[in-house]
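Open the model in your viewer and keep the sequence panel beside it. The tour goes one selection at a time.

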Amino acid sequence: MSEERDVIIETVSRLMIPFIQLFALYVIIHGAGGPGGGFQGGVIFGSSFVLFIIAFGITAARKKVSERVNTALSALGVSIYAGVGLLCIIFSLGVAQYLNYGYLPLPVHFEERRALGMDFVEIGIGITVMAIVTSIFFDLAWKEEDEGGEE
Amino acid sequence: MLEIIVVAFLAVGIFFMFVGAVGLLRFPDFYTRLHATGKCDTLGEALIIAGLLIYHLFHYPQTPLVCVKLLFLIIFIFITNPTATYALMRSAYKTGVKPWKLGDERQ
């Protein structure tokens with residue numbers, strides 16, 4: 001992947017990336033009641049970063065999305081995903097329904113808590129998938145980049 | 001009357017898609033094939049979606065959000081499809097794909 005820049009591709013990418021990310025959030029949030037979900041939304045969000053890497057070059061993208069942030073995000077998503085289930089176990093003691101999100105400690109109605117718990121799980125999945133897709137593309141592109149370089 | 005307009009939109013859109021497909025199959029090299037599909041697909045898809053939009057707008061006016069989504073689809077296809085064609089053309093030129101000249105073999 002060469003580092004030469006092109007004004008048309010850069011401008012259109014700059015125009016499209018916010019819309020792609022907005023659409024990804026839409027897909028994640030509507031996953032409970034329609035087609036879509038955390039995984040699909042996460043892949044769309046990750047593909048916006050892939051478009052950024054293709055348009056602006058890999059070194060510019062590395063400055064925006066560093067490896068530490070990426071790893072932290074992938075761990076954070078799994079933690080949210082598991083933590084929601086863990087909270088349900090803790091707060092439904094005696095009933096022990098770890099998939100019943102109605103027992104989450106939120107100041108809203110029982111059914112509303114159930115829907116919110118589902119959304120939290122979707123958001124966790126989305127964050128992890130986004131980070132993993134981005135890091136996979138970084139790893140694939142980086143190998144071609146430093147031919148004859150260090151390592 | 002409404003059906004006639006919608007069918008006209010769909011028919012013209014399908015005509016453009018058909019022309020693009022014929023160009024993709026018949027033209028001799030990469031650049032001319034992309035020349036055919038890049039423009040014809042953009043306009044054909046936009047016209048087909050416009051026909052669907054008009055149909056939905058008058059038959060199901062209780063869900064106008066679908067029309068807005070279709071409008072966004074048209075706008076984004078008009079922005080991204082020519083850009084993708086341009087990027088393909090440019091990368092092919094940079095990697096040294098030779099243009100076809102009269103008398104050459106089909107690639």
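Helices here are DSSP runs of H or I at least four residues in length, numbered from the N terminus. With that in mind, select Phe52(A), which is found in helix H2 of chain A. The model is a predicted one.

**Stop 1: Phe52(A)**

Is Phe52(A) buried or exposed? A residue counts as buried if 20 or more other C-beta atoms lie within 10 Å of its own. Phe52(A) has 21 other C-beta atoms within 10 Å, so it is buried. Now show its contacts, leaving aside neighbours within four places in sequence: they are Ser13(A), Ile17(A) and Ala61(A). Phe52(A) and Leu22(A) are 30 residues apart along the chain, and their C-alpha atoms are separated by 15 Å.

**Stop 2: the whole of chain A**

Select chain A and colour by secondary structure. The chain has five helices and zero strands, and along the sequence the pattern reads α-α-α-α-α. Chain A has 151 residues, of which 25% count as buried. Take the contacts in chain A between residues at least 6 apart in sequence: 65% of them join residues at least 24 apart.

Next, mark the residues that UniProt annotates. An unreviewed entry there places the feature "transmembrane region" at residues 12-33, 39-61, 73-100 and 120-142 of chain A. In the model, residues 12-33 of chain A are 82% helix and 0% strand, with end C-alpha atoms 32 Å apart. Residues 120-142 of chain A are 100% helix and 0% strand, and there the end C-alpha atoms lie 33 Å apart.

**Stop 3: helix H1 of chain A**

Where does H1(A) bend? Look at Met16(A): the bend there is about 30°, and a proline, Pro18(A), follows within four residues. Now highlight the buried residues of H1(A), which are Val12(A), Ser13(A), Ala24(A), Val27(A) and Ile28(A).

**Stop 4**

Centre the view on Ala24(A). Leaving aside neighbours within four places in sequence, Ala24(A) is in contact with Gly41(A), Ile44(A), Phe45(A) and Ser48(A).

Move to Met130(A), in helix H5 of chain A. Met130(A) is buried because 27 other C-beta atoms lie within 10 Å. Beyond its neighbours within four places in sequence, Met130(A) is in contact with Gly42(A), Phe45(A) and Gly46(A).

**Stop 5: Tyr101(A)**

Select Tyr101(A), in the loop between H4 and H5 of chain A. Tyr101(A) counts as buried because it has 24 C-beta neighbours inside 10 Å. Which residues does Tyr101(A) touch, not counting those up to four places away in sequence? They are Val84(A), Cys88(A), Arg113(A), Arg114(A), Gly117(A) and Met118(A). For a distance, pick Phe138(A): Tyr101(A) and Phe138(A) are 37 residues apart in sequence and 36 Å apart in space, C-alpha to C-alpha.

**Stop 6: chain B**

Show both chains. Six residues of chain B are in contact with six residues of chain A. On the chain B side, three of the residues are nonpolar, two polar and one charged.

Select helix H1 of chain B, residues 2-26. This helix has 25 residues and reaches 36 Å from its first C-alpha to its last, close to the 36 Å expected. The buried residues of H1(B) are Phe9(B), Gly13(B) and Gly20(B). Helix H2 (30-59) of chain B is included in what covers them.

End with helix H3 of chain B, residues 65-94. The 30 residues should span 44 Å at 1.5 Å a residue, and the end C-alpha atoms are 43 Å apart, which agrees. H3(B) bends by about 25° at Ile77(B). Just after H3(B), select Gly96(B), which takes a positive phi of about 90°.

Conventions
Residues are numbered from 1 along each chain as its sequence is written. Chains are lettered from A and ligands numbered from 1 in the order in which they are written. This is a predicted model: local features need pLDDT of at least 70, side-chain atom pairs count only at pLDDT 80 or more; totals for chains, interfaces and linings use all residues. Two residues are in contact if their C-beta atoms, placed from the backbone, lie within 7 Å. Ala, Val, Leu, Ile, Met, Phe, Trp, Tyr, Cys and Pro count as nonpolar, Asp, Glu, Lys and Arg as charged, and the others, Gly among them, as polar. Helices (H or I, at least four residues) and strands (E, at least two) are DSSP runs, numbered from the N terminus. The expected span of a helix is 1.5 Å times one less than its number of residues. A residue is buried if 20 or more other C-beta atoms lie within 10 Å of its own, exposed if 12 or fewer, and partly exposed in between; C-beta atoms are placed from the backbone. UniProt positions are given in the numbering used here, feature names are shortened, and annotations may be inferred rather than shown by experiment. The bend at a residue is the angle between axes fitted to the seven residues ending there and the seven starting there.
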